[in-house]
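Biologist: Could you walk me through how to read this one, feature by feature?

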Amino acid sequence: MSDSIAVRVSDLRHRYGDREALRGIGFTVAAGEIFGLLGPNGGGKTTLFRLLATLLPVQSGTATLLEKNVATESRSVRQLIGVTFQSPSLDGKLTVTENLKHQSHLYGLSGQTAKSRISELLDRLGLKDRAQDLVDSLSGGLKRRVEVAKSLLHRPRILLLDEPSTGLDPGARHDLWEYLSRLRRDEGTTILVTTHLMEEADRCDRLGILHKGELVAIGMPDELRLSVGGDCLTIQSSDPKSLAEKLTIRFQLTPRQIGESIRIEGNAGHELLRDIVTAFPSEITAISLAKPTLEDVFISRTGHRFWENEPV
Amino acid sequence: MSKAIAIPESINDSNGDVAHAQPSIGLAVYTLAIRELVRFFRQRTRIIGALGQPFIFWILFGAGLQGSFRGPAGISYQEYFFPGVAVMIVMFTAIFSTISIIEDRREGFLQGVLVAPVSRLAIVLGKVFGGTILAVMQAVLFLAIGPLLAVVGLSPPISTGLTWFNFPIVLAYLALVAFALTALGYLIAWPMDSTHGFHAIMSVFLMPMWLLSGSFFPAPESGWLSWVIRLNPLTYGTAGLRRLVTPNIDAVAGLPSFPLCLAVTVASAVIYISLAIWMTGRQTAHNAR
């Protein structure tokens with residue numbers, strides 16, 4: 001794909017009454033890119049998603065999708081995007097095909113065009129033999145596939161997905177991501193996905209980490225991991241506070257205490273691990289050495305553990 | 001639907017490769033209305049409830065009140081009550097159909113419709129036409145079967161005033177009343193998060209609205225009650241129907257004139273629909289849910 005910009009967000013702010021959900025977000029997504037928004041619940045992902053999907057009014061800042069302004073050209077934006085919501089948007093009392101048919105009509109597809117498009121998507125998402133079943137009778141994974149099929153009927157240039165793996169088992173999640181990569185490769189669709197799963201974030205080309213309404217990091221997953229440092233040591237201790245102090249004095253380190261554990265980022269972790277265990281054998285209950293993960297990136301940028309943030 | 005198509009929709013100026021299909025209001029209204037009908041017929045309990053209640057009202061109230069009722073120009077209670085039950089069916093089916101807005105919001109279907117590139121007018125009209133069709137269908141069923149109950153002895157024989165000649169215009173008028181009432185239901189259902197609230201409104205607001213519309217008993221000559229009835233827009237819906245079907249012109253002499261009935265009903269429909277479009281178009285946290 002060309003390097004044109006599909007999504008451009010600048011200084012976007014949003015508040016619900018007194019609560020600031022987005023505090024000045026800015027980023028761009030290139031056409032044909034899979035861009036992830038990673039963050040814990042309550043970080044502002046869903047607000048950002050709803051703003052881009054034209055469901056919430058833009059209060060301050062701007063957002064454009066393929067040069068169409070979300071605030072002033074919402075009709076054009078709606079035509080460009082396909083939207084997969086976190087909560088299902090299917091009518092359970094209708095069959096799979098009926099759901100897709102209504103959706104085609106809403107997007108101006110009818111007759112033979114709609115029919116062939118529906119059968120194409122049923123085929124590609126492996127839903128053919130369930131086409132006449134009521135949606136209520138499908139499993140969570142199949143429903144999600146119908147949801148994706150629904151959002152792709154009108155060949156959107158940009159696909160927005162809010163927590164697409166919610167309620168999916170690992171197998172179904174894997175299938176979904178296989179399909180998304182294929183979609184990007186074959187049709188050049190730009191994909192913007194919100195997630196709180198590291199494993200999912202890892203499959204994105206680029207990633208923005210959202211925390212308390214701010215983008216605390218943005219870049220390719222590998223790039224972000226490198227920024228943390230070579231290795232990551234996690235130490236469990238019965239008295240993490242005093243151990244952290246001792247480590248600072250003895251090894252000139254900057255350990256970070258998070259809950260009951262201590263984290264140290266740096267190079268040559270294996271040597272450091274040996275030295276620390278030798279120096280304080282009785283104060284350590286467990287110690288582990290790992291390459292940094294995206295969770296480590298989150299911790300290093302925010303000083304919070306990923307799951308410790310109070311939801312909303 | 002010609003009214004719908006006349007609204008200009010020229011915002012879509014995206015590149016040809018994107019807008020390979022132009023969303024049309026007509027198609028969107030059609031698909032949303034059809035969905036209402038399909039959903040209705042798949043829920044058997046809804047059909048039984050919608051049809052059962054008016055027939056029970058018709059038989060029981062008729063039997064209980066026929067002795068004590070002194071109607072205008074000496075008509076029997078059944079003759080008086082007949083158009084009133086038709087209005088009741090229209091009202092409850094029309095308004096109750098909009099409870100699906102609350103379900104759609106809760107089940108998530110609505111958010112998918114709101115992000116679609118269709119005008120908000122189409123979203124409102126799809127719902128409202130769906131409810132209107134359901135209401136008229138059931139009213140017609142009652143108009144056809146109600147008088148036949150006399151044959152099996154459940155009501156005295158009555159002259160309904162319905163003829164093959166006035167039937168089309170009665171049908172059109174019922175559709176207009178149903179359209180206005182569905183739009184009113186839309187207004188009530190849209191801001192709600194749960195169906196409990198809807199039921200509460202139903203019993204404290206909508207039931208009295210029907211009782212005080214001249215459907216159940218005639219308006220008294222004077223006093224506060226006569227004023228409440230005069231200010232109730234549904235009074236004009238009922239009165240219009242009475243004027244169309246009455247077998248006895250003296251029985252409707254005290255009612256508002258037909259042009260007034262038509263004007264009030266059309267005006268309330270326009271007001272309800274405009275408010276509904278305005279509410280649907282607002283981008284609020286509630287709408288995004």
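Here is a short tour, starting with chain B and then turning to chain A.

Biologist: Before we start, what kind of model is this?

Modeller: This is a predicted model.

Biologist: Okay. How many helices and how many strands does chain B have?

Modeller: Chain B has 12 helices and 0 strands. Read along the sequence, the pattern is α-α-α-α-α-α-α-α-α-α-α-α. Chain B has a radius of gyration of 20 Å, close to the 19 Å that the globule rule gives for 289 residues, so chain B is as compact as a globular protein of that length. The C-alpha trace of chain B spans about 70 × 40 × 40 Å along its principal axes.

Biologist: What share of chain B counts as buried?

Modeller: 45% of the 289 residues of chain B do. As for its contacts with a separation of 6 or more, 78% are between residues 24 or more positions apart.

Biologist: Now the interface. How should I think about its size?

Modeller: Interface size is often given as the accessible area lost when the parts come together. Here we can count residues instead: 32 residues of chain B are in contact with 32 residues of chain A. On the chain B side, α2 (25–42) and α6 (109–114) are the elements that give two or more residues. The most comes from α2(B), with 7 residues.

Biologist: Which classes of residue make up the side of chain B that touches chain A?

Modeller: That side has 17 nonpolar, 10 polar and 5 charged residues.

Biologist: And the largest nonpolar core: which members touch the most others?

Modeller: Out of 156 residues in that core, they are Leu65(A), Ile158(A), Leu160(A), Ala86(B), Val90(B) and Ala183(B). Helix α4 (residues 77–97) of chain B supplies the largest share of the core, 15 residues. In chain A, domain 1 (5–224) and domain 2 (230–291) both give residues to this core, so the core lies between them.

Biologist: Can we zoom in on one of those? What is Val90(B) in contact with, leaving aside its neighbours within four places in sequence?

Modeller: Val90(B) is in contact with Ala135(B), Ala139(B), Leu174(B), Val177(B), Ala178(B) and Leu181(B).

Biologist: Over to chain A, then. How do I read a sheet?

Modeller: Strands of a sheet pair through backbone hydrogen bonds, either parallel or antiparallel. In chain A, 4 strands form an open sheet in the order β2-β1-β4-β5, with antiparallel pairing. The edges are β2 (19–30) and β5 (68–69) of chain A, each with a single partner strand, so one side of each is left without a neighbour in the sheet. Strand β1 (residues 5–16) of chain A is joined to β2(A) by 9 bridges.

Biologist: How far apart are the C-alpha centres of the two domains of chain A?

Modeller: Domain 1 and domain 2 of chain A have C-alpha centres 41 Å apart.

Methods. Residues numbered from 1 in each chain as written. Chains lettered and ligands numbered in written order. Predicted model: local features only at pLDDT ≥ 70, side-chain atom pairs only at ≥ 80, totals over all residues. Rg over C-alpha atoms; globule rule 2.2 N^0.38 Å. Buried ≥ 20, exposed ≤ 12 C-beta atoms within 10 Å, placed from the backbone. Contact = placed C-beta atoms within 7 Å. Nonpolar A, V, L, I, M, F, W, Y, C, P; charged D, E, K, R; others polar. Core = buried A, V, L, I, M, F, W, Y, C linked by C-beta atoms within 7 Å. Domains from an automatic or database assignment. Pairing = 2+ DSSP bridges.
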